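Here is a short report on selected local features of one model. It takes a residue, then a strand, then helix pairs.

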Amino acid sequence: MNSLSLLPSVNGGESCSFVSGSYINLRKTSLAADLQRSPFNGIGGAWLKHSGLSTTTNGRRFSVCSRIRKVQKHEYPWPDDIDPNLKSGHLSYLSHFKPLTEKPKPVTLPFEKPLIDLEKKIIDVRKMAEETGLDFSDQINLLESKYQQALKDLYTHLTPIQRLSIARHPNRPTFLDHVLNITEKWVELHGDRAGYDDPAIVTGIGSIDGKSYMFIGHQKGRNTKENIQRNFGMPTPHGYRKALRMMKYADHHGFPIITFIDTPGAYADLKSEELGQGEAIAHNLRTMFGLKVPIVTVVIGEGGSGGALAIGCANKLFMLENSVFYVASPEACAAILWKTSSAAPTAAEQLRITATELCKLKIADGIIPEPLGGAHTDPSWTSQQIKLMVTKAMKELGDMDIDGLLTHRHLKFRALGGFVEGEPVDPEMKLNMKKKEAGLAQITADIETEIENLKKTAREAKGKSLTPIISGEAIEKLMEEVDKEMTNAFIAMGLQEKLEALKMELSESPDTPDQNLSPTLKEKVDRLMQEFKHNLSHPGSYMALKQKLEMLSEAGRMEQKRMKGEALKKEINEKLQEEAKGQMQVLRKAWEKLAKGEKLDENQIEEVEMAKEDLKEMLKSVNLEVVGPGKKIVPTSPPGLEEVLTKADDVIKKEIEAAIGKAGLRGKVDELKAEIASGASKEKVENLLKEIREGITAAMDTTDLKKKVESTVGSPVQETVGASSSKDEVLNSC
């Protein structure tokens with residue numbers, strides 16, 4: 001038993017103490033009133049009293065209880081087992097921002113779903129071609145090129161509300177993602193020196209090409225937990241005061257300032273207003289116009305109202321291609337003007353929030369390109385584009401003196417806006433996005449038609465060849481193409497330098513198998529491959545490479561199956577060749593006799609059955625089970641399908657006849673029949689047929705036709721895929 005005694009036993013007094021759990025109990029045979037009457041008002045008085053300076057004693061007791069507080073261990077950002085041989089990267093341990101342990105789930109935006117479905121269908125067609133052994137490489141390559149063109153058209157002509165949805169994408173790279181990609185060294189600085197550290201704004205010093213910069217930016221989370229911690233990138237007054245402190249620090253030491261904007265706006269709760277949200281933003285605005293160092297701002301996501309402008313009063317403002325910058329969000333604007341948030345697309349167009357529109361208004365000074373699909377499809381490449389643009393702007397601003405820098409910043413904001421009096425205003429030019437959407441829908445429909453045709457061909461050929469035949473030369477050629485495309489992919493992802501450095505380390509390490517690599521080197525290899533696979537997994541990116549890797553994997557599985565089959569065949573032949581020789585001879589003679597059209601007598605039939613039984617027993621002896629002869633499965637039509645197709649064809653023919661009469665094409669049809677009967681030239685017949693088809697297409701309402709067919713057959717049109725219900729087929733029958 002551990003004991004703790006604070007008071008000694010004097011003049012017959014007793015002292016007792018003990019520890020129990022998280023409590024310490026002290027007991028002393030002394031009068032509490034003695035302590036109160038002591039001239040020292042404390043334990044010292046009792047000491048004097050027991051030492052003989054006081055003659056009064058009493059037998060009353062008092063007790064003291066205290067509880068030990070349990071203190072949690074502080075969570076430091078660095079691990080407990082740091083590699084002692086580490087030569088670089090020490091600053092990375094000072095940041096709580098670490099790579100995610102799990103890869104973020106891919107998120108498909110609503111307008112991307114048609115193209116994602118097309119990508120899956122193309123992959124399915126490729127798999128069907130591999131299963132049947134048919135060579136569809138030319139057709140699939142053509143489909144892929146059309147798909148890439150459709151993808152390019154889609155992301156080149158995005159509407160403002162679609163760009164807003166990309167700017168808000170959950171997997172979009174954050175401020176710290178970009179900083180860690182473009183800096184050689186980085187250390188985060190915390191606190192506003194008033195007792196607070198807002199995680200929604202991150203500040204720190206980083207170096208690019210050996211030069212130090214002050215980085216300030218809004219930080220969103222990469223998942224729900226981080227978003228709650230970062231307050232969804234909405235700063236409080238403490239965050240803006242922290243940014244202000246770092247700006248003054250950079251101004252004092254001569255560090256150029258780079259700010260990153262990615263916030264829906266300043267946090268507008270009651271506590272923030274009480275702490276002076278508006279005053280903090282206004283103070284930042286005033287101070288930024290007087291800083292004597294170059295300031296460059298990059299909008300990487302959404303920039304909302306004063307919360308974005310509080311760190312955005314810069315000499316140069318650049319925007320990522322799919323970023324937005326607005327006074328009020330389209331949803332809020334729609335709720336105010338149209339009394340419903342469903343009018344957000346209209347509000348987004350009227351607000352002119354995209355990078356292209358803001359460059360025209362000279363609010364933004366440049367657009368930083370993004371990969372197709374958005375920055376989240378290739379964050380490293382996007383970060384390198386930001387680095388190039390920022391370093392170029394800093395070099396230009398670095399040549400200015402202090403007065404020129406301040407004047408440049410003032411004039412940039414003085415030139416915004418303006419008005420004209422006494423001149424007629426040109427009517428506003430409206431963008432008709434529906435025309436482009438119709439074109440994209442037509443491209444998508446054409447690709448789907450080609451995919452269905454390839455699937456139909458593959459289904460017809462399925463079963464004719466037992467296994468797809470892939471030659472060794474084709475596999476070697478495929479491996480060469482994969483090597484080239486992987487090299488290009490590493491370069492596009494910005495991983496080329498890491499790959500070369502890793503190759504150098506591997507060449508310097510002793511020749512050992514992969515399993516015996518040093519833990520540090522193995523971790524670097526795993527991290528690089530994880531980053532490569534993460535970039536490769538984004539939908540719509542590196543599609544050709546992914547399909548070729550899938551083909552190589554499938555070829556490897558097929559080769560493994562073939563080798564197992566050959567080994568099993570060899571083993572069976574070695575064990576049963578001599579034993580089954582007589583039985584196989586009997587079966588071969590019987591087969592030859594039947595092939596000539598001769599009948600087997602009873603003795604021969606009995607010999608054949610005995611030979612079969614003997615073969616079954618032999619196969620069972622080597623652990624093989626005889627399941628019976630294989631039967632070819634002939635595909636049959638579902639019951640009632642022919643009747644449904646006939647009804648659908650009748651409806652379509654009637655509608656085409658009505659369209660011919662409506663468009664006044666009866667004379668053209670008769671002329672076409674006469675030309676065919678007289679043996680006219682093929683070109684003339686095709687011209688007439690084309691003219692008739694165009695006239696029928698213009699006169700026929702496809703939506704009404706679809707409804708009539710569905711009401712007749714009693715099921716959606718999509719279910720009758722195999723029907724000869726296309727216009728061209730019916731026209732050919734006319």
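K412 sits in helix α16 (residues 402-414). Helices here are DSSP runs of H or I with at least four residues, strands are runs of E with at least two, and both are numbered from the N terminus. The model is predicted: local features need pLDDT of at least 70, side-chain atom pairs count only at pLDDT 80 or more, and totals for chains, interfaces and linings use all residues. Residues are numbered from 1 along each chain as its sequence is written, and side-chain values use heavy atoms, without hydrogens and water.

Is K412 buried or exposed? K412 counts as buried, because its relative accessibility is 12%. Buried means under 20% relative accessible area, exposed over 50%, and partly exposed in between (1.4 Å probe, protein chains only). Setting aside neighbours within four places in sequence, K412 contacts A314, N315, L317, K362, I363 and D365. Contact means heavy atoms within 4.5 Å.

**Strand β5**

Strand β5 covers residues 201-208, and eight of its eight residues are buried. I201, T203, I205 and S207 point one way. V202, G204, G206 and I208 point the other way.

β5 has partners in β4 and β6. Strands pair if DSSP finds at least two bridges between them. Strand β4 (residues 185-189) runs antiparallel to β5, joined by five bridges. There, L189 stands opposite T203. Strand β6 (residues 211-218) is also antiparallel to β5, over eight bridges. Y213 of β6 is the bridge partner of G206. β5 and β6 form a hairpin with two residues between them. D209, in that turn, has a positive phi of about 55°.

**Helix pairs**

Two packed helices are described by the angle and the distance between their axes. Axes are lines fitted to C-alpha atoms over the stretch in contact, and angles run from 0 to 180 degrees between N-to-C directions.

| Helix pair | Axis distance | Crossing angle |
|---|---|---|
| α8 (residues 237-253) and α10 (residues 277-288) | within 9 Å | roughly 20° |
| α6 (residues 175-182) and α15 (residues 379-398) | within 9 Å | roughly 70° |

α8 and α10 are therefore roughly parallel, whereas α6 and α15 are roughly perpendicular. Angles under 35 degrees count as roughly parallel, over 145 as roughly antiparallel, 65 to 115 as roughly perpendicular and the rest as oblique.

In α6, D177, H178, N181 and I182 meet P379, S380, T382, S383, Q384, I386 and K387 of α15. This contact has three nonpolar, six polar and two charged residues. Nonpolar covers Ala, Val, Leu, Ile, Met, Phe, Trp, Tyr, Cys and Pro; charged covers Asp, Glu, Lys and Arg; the others, Gly among them, are polar.
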